[in-house]
Amino acid sequence: MPGAIYAEGLVKTFGDVRALDGVDLDVPEGTVLGLLGPNGAGKTTTVRCLTTLLRPDSGKAVVAGIDVLKQPDAVRRSIGLSGQFAAVDEYLTGRENLQMVGQLYQMRAKQAKARAVELLEQFHLTDAADRPTKTYSGGMRRRLDLAAALVVSPPVMFMDEPTTGLDPRNRQQLWEVIKQLVSGGTTLLLTTQYLEEADHLAHDIAVVDQGKVIAKGTSDQLKARTGGERVEVVVHERDHIQTAADVLRGFGKGDTTVEEHTRKLTVPVTGGAKLLAEIIRELDTRGIEIDDIALRRPTLDDVFLSLTGHVAEEKPEGNGAQGGRKDTRKEAVK
Ligand SMILES: Nc1ncnc2c1ncn2[C@@H]1O[C@H](COP(=O)(O)OP(=O)(O)OP(=O)(O)O)[C@@H](O)[C@H]1O
Ligand SMILES: [Mg+2]
């Protein structure tokens, strides 16, 4: 049986740009799919096709058991959408925006009011509730937009870059909201530029590039595909590189790579921290002084880079959450 979100061979062209080139997806009910991909990969176009905002040239899409192309109105009633760019009415207050959404979904006025109060609280907007949203900061708008998508609790939700523009604290809070939502049975498709976010929230990940899904799996499966653990050693003296390479050969399960100018050796391993201790002892026995040694596991950043050839988009406020990017880039040139 197809999942709560199902797509098969979605194609969408804009003039001579083939934005979607045969996208297949299948998201089991009650799970989160993280859609990753570089800018222009086709993430937003996928979301727009699945949420009836855009008609694909060909292909099939079923959401919440309803055919998206044949019954778009019924699909719209079963989904919630938070777009990449916040869509709130500038001249209404935060509270009015949320109440209006409730009424659009045929809630009674009293119920819509109560739901607005709840959401304003949950998204830390209570203090600003009665100000027109044109006075809100970017992060506040984004939070309000997400709150609006949650006014009714639809069985299937789409969030296009939900935490872009949020500071790390607000991002964490939103992750909690999303987790609660999913534990209640909601199926979610989420696009994100923050790989840590996908790692944290998504059961499955699909990497999109040039309108195609180029890899699919759990975060662990994708990491394993990219290559497992490795030990990196920086020796103190250039003259010791050769001896150190001999030592590592005995422990590694693949070729050792050597970066002469940084005196860094890297070898794929299995065995984790225990092996690390053994390597340190052996290097010490041979009188090799080391400046640094570390066990590295692949991150989703490594996966993304090896699949797409791009480093994930750097966002100015994302630094704290995205440690290790610079390392990733260095890996690439090795
Ligand atoms: N309305 C449109 N008219 C023309 N071209 C479009 C339109 N919408 C999208 N495209 C093109 O389709 C491709 C996919 O765009 P899309 O917005 O889906 O990418 P994305 O993965 O969401 O990127 P981002 O990470 O920047 O949000 C791009 O080449 C884009 O320029
Ligand atoms: Mg987009």
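**Entry 1: ligand 1**

I take a polar contact to be a pair of N or O atoms within 3.5 Å. With that cut-off in hand I looked at T45, where a polar side-chain atom lies 2.5 Å from an oxygen atom of ligand 1. I note at the outset that the model is predicted.

I then looked up two further side chains at the ligand. T44 places a polar side-chain atom 2.8 Å from an oxygen atom of ligand 1. For Q193, the corresponding distance from a polar side-chain atom to an oxygen atom of ligand 1 is 3.0 Å. On its own, ligand 1 has 630 Å² of accessible area, and the protein covers 64% of this. I asked which elements give two or more residues to the shell around ligand 1. They are β2, residues 17-27, and α1, residues 43-50. The largest share, three residues, comes from α1.

I recorded 14 residues around ligand 1, of which G40, G42, K43, T44 and T45 come nearest. Sorted by class, the shell holds seven polar, five nonpolar and two charged residues.

**Entry 2: T163**

I next turned to T163, which I found in the loop that runs between β7 (156-160) and α6 (168-183). Is T163 buried or exposed? Its relative accessibility is 1%, so I count T163 as buried, the limit for that class being under 20%.

I listed the contacts of T163, leaving aside neighbours within four places in sequence: R142, R171, L174, W175, Y194 and E197. With E197, the side chain of T163 forms a polar contact of 2.4 Å. I also checked T192, which stands 29 residues from T163 along the chain; the two C-alpha atoms are separated by 7.7 Å.

**Entry 3: helix α3**

I examined α3, residues 94-104, for burial. The buried residues in this helix are G94, N97, L98, Q99, V101 and G102. I asked what the buried residues of α3 pack against. Their partners are α4 (109-122) and α5 (138-149). Just after the helix, I noted that Q106 takes a positive phi of about 65°.

**Entry 4: nonpolar cores**

I looked up the largest nonpolar core and found that it has 45 residues. Within this core, the residues with the most contacts are L98, F123, M159, I178, L188 and I205.

Beyond its neighbours within four places in sequence, I205 is in contact with L33, G34, L36, A198, A215, K216, G217, S219, L222 and L300.

**Entry 5: the whole protein**

The protein has 12 helices and 14 strands. Along the principal axes, its C-alpha atoms fill a box of roughly 80 × 45 × 35 Å. Of the 334 residues, 49% are buried.

I asked what share of the contacts between residues at least 6 apart in sequence joins residues at least 24 apart. The value is 67%. The protein exposes about 16100 Å², and I note that carbon and sulfur atoms supply 49% of that area.

Note on methods
Residues numbered from 1 in each chain as written. Chains lettered and ligands numbered in written order. Predicted model: local features only at pLDDT ≥ 70, side-chain atom pairs only at ≥ 80, totals over all residues. Heavy atoms only, no water. Helix = DSSP H or I, 4+ residues; strand = E, 2+ residues; numbered from the N terminus. Buried < 20%, exposed > 50% of the residue type's maximum accessible area, 1.4 Å probe, protein only. Contact = heavy atoms within 4.5 Å. Polar contact = N/O pair within 3.5 Å; in protein donor to acceptor, adjacent residues only side chain to side chain. Near = heavy atom within 4 Å. Areas by Shrake-Rupley, 256 points an atom, 1.4 Å probe, with all protein chains shown as cover. Nonpolar A, V, L, I, M, F, W, Y, C, P; charged D, E, K, R; others polar. Core = buried A, V, L, I, M, F, W, Y, C linked by side-chain atoms within 4.5 Å.
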